[in-house]
Amino acid sequence: FVLCAYTPAAGSSMSTTYTPLEQDGGAEDRERVASQHSPELMRMREMKKEYISGLSEDCWGASIYTLVKDLPDIMVGKATVENYVRFFFTCCIMGLNLTLQFAILFWIKQYVMDPSMRQAQDTYGKFHREVFDNSGTFSQANFEQFGSGDKEALCQMTLSKHGFIFAILFLWGVTCITEVRDLQRTIQNFWALPDLPEGEPASEMVNEVGTKREDDDVQEVHELICLSQNARRTLNVLIFVPKLVIVVVLTYVGCVWLTATQSFADLILNALALEFVIQIDEALYEYFFPKANREAIGLMQLAIEVKEDEDADPDNAILASYARSVVYIGGLLIFVELYLNYLQPVLPNFMHDIAEVCVPYLEETFVPHCAPFSSGCFQFGKATQ
């Protein structure tokens, strides 16, 4: 599939301090190049551009880079040894990344999340059977006889502290929303690129130019100026859809795992463990990709045509960006509340009947014996017990 369609990648980076470097031969060479390509492609190369960073510094960005830069060169016979090595190395690391992320999600569900749910349901079921009568009336006397281990397991269930688990789930949602927003911006930027003119090879999606910076340092840069239809489809199938699936599944699995956590201390540790899972692609990129490759990916940018619109109000764009942020925040708050009350599968039809009965137990077991900076708290001898 990859060999039949090129996945787009971001063009290389050019700052506003770059200026085009004149080619040897001047106008004569430009006329020769123009005669080999369509007028539309030449217009895209010479248009006024805005450079947008299109590649994330992770395995996903590296995959886009090699599929748009190396693979077209390989297919048209212009590739060097570096192109071949980089292409196959990136494919291997990306395969490892996908395998690890999907495998770890499966193992977390099978070996961590499901047993935690089972334990939580056993504890809550025993609480209802032994503490309530057949009519559903709570008995304080039965709760006093409830085993100390059972009390600890019940009162440390994360669902017993709505505010605490709400805050943790909200922060986990922020992490996942960040991934979604980055993906949404990437998709939007790539879709803003025009189509590759008909009859042009896919290697022309990237415009390789020489530039001179203010310090007279000459550097080759690459502009991604257009995309073929095959490239758009490949981008969706190999990059956007898998990444979205991973984020959505990880969001759900993370919410369930955190909700099923059996102690408040483990809740914090599990949240940190989920952060590790979501950063697998960045870790593989940082540790395995050569520095030169990472620097090249950091330089590549998309070249978007700048369209003058005299009627456009810049304030509207700023307000719209803030409005989107407000929608994300509000939507996340609503989702977390709905999840805890109606959608969480750990304790279906949860009656929120743990927090109140656990207050005396938590006050007895969670409050330190000694106040801060107090003296005479730990006296000697059995008589002081």
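What percentage of the 385 residues in the protein chain do buried residues make up? Buried residues come to 42%, where buried means under 20% relative accessible area, exposed means over 50% and partly exposed lies in between (1.4 Å probe, protein chains only). This is a predicted model, in which local features need pLDDT of at least 70 and side-chain atom pairs count only at pLDDT 80 or more, while totals for chains, interfaces and linings use all residues. Residues are numbered from 1 along each chain as its sequence is written, and side-chain values use heavy atoms, leaving out hydrogens and water.

**Overall layout**

- The protein chain has 13 helices and five strands; these are DSSP runs numbered from the N terminus, with helices (H or I) of at least four residues and strands (E) of at least two.
- Take the contacts in the protein chain between residues at least 6 apart in sequence: 82% of them join residues at least 24 apart, with contact meaning heavy atoms within 4.5 Å.

**The nonpolar core**

- The largest nonpolar core holds 83 residues; such a core is a set of buried Ala, Val, Leu, Ile, Met, Phe, Trp, Tyr and Cys residues joined through side-chain atoms within 4.5 Å.
- Helix H8 (residues 229-260) gives the most to this core, contributing twelve residues.
- Phe-127, Leu-154, Phe-190, Met-205 and Leu-224 have the most contacts inside the core.
- Not counting residues up to four places away in sequence, Phe-127 touches partners including Phe-132, Phe-138, Leu-154 and Val-357.

**Two helix pairs to look at**

- Helix H4 (residues 81-131) and H8 have axes that come within 10 Å and cross at roughly 20°; axes are lines fitted to C-alpha atoms, for helices over the stretch in contact, and angles run from 0 to 180 degrees between N-to-C directions.
- That angle makes H4 roughly parallel to H8, since angles under 35 degrees count as roughly parallel, over 145 as roughly antiparallel, 65 to 115 as roughly perpendicular and the rest as oblique.
- H4 passes H8 in a left-handed crossing; a crossing is left-handed if the near helix is turned anticlockwise from the far one by less than a right angle, and right-handed if clockwise.
- Helix H7 (residues 162-191) packs with helix H12 (residues 314-343) at an angle of about 135°, their axes 9 Å apart.
- This angle makes H7 oblique to H12, and their crossing is right-handed.
- Among the residues that meet here are Phe-166, Leu-169 and Arg-181 in H7, and Tyr-328, Leu-332 and Glu-337 in H12.

**A strand pair**

- Strand E2 (residues 49-52) runs antiparallel to E5, and four bridges join them; two strands pair if DSSP finds at least two bridges between them.
- Glu-50 stands opposite Ile-304 in E5.
- Strand E5 (residues 301-305) is mostly covered, with four of its five residues buried.

- Lys-151 lies in helix H6 (residues 148-155) and counts as buried because its relative accessibility is 11%.
- Leaving aside neighbours within four places in sequence, Lys-151 is in contact with Phe-143, Glu-144, Phe-146 and Tyr-361.
- Between Lys-151 and Phe-127 there are 8.6 Å in space, C-alpha to C-alpha, and the two are 24 residues apart in sequence.
- Pro-290 is found in the loop between helix H10 (280-288) and helix H11 (291-299), and is partly exposed, with a relative accessible area of 45%.
- Pro-290 and Arg-86 are 204 residues apart in sequence, yet 9.6 Å apart in space, C-alpha to C-alpha.
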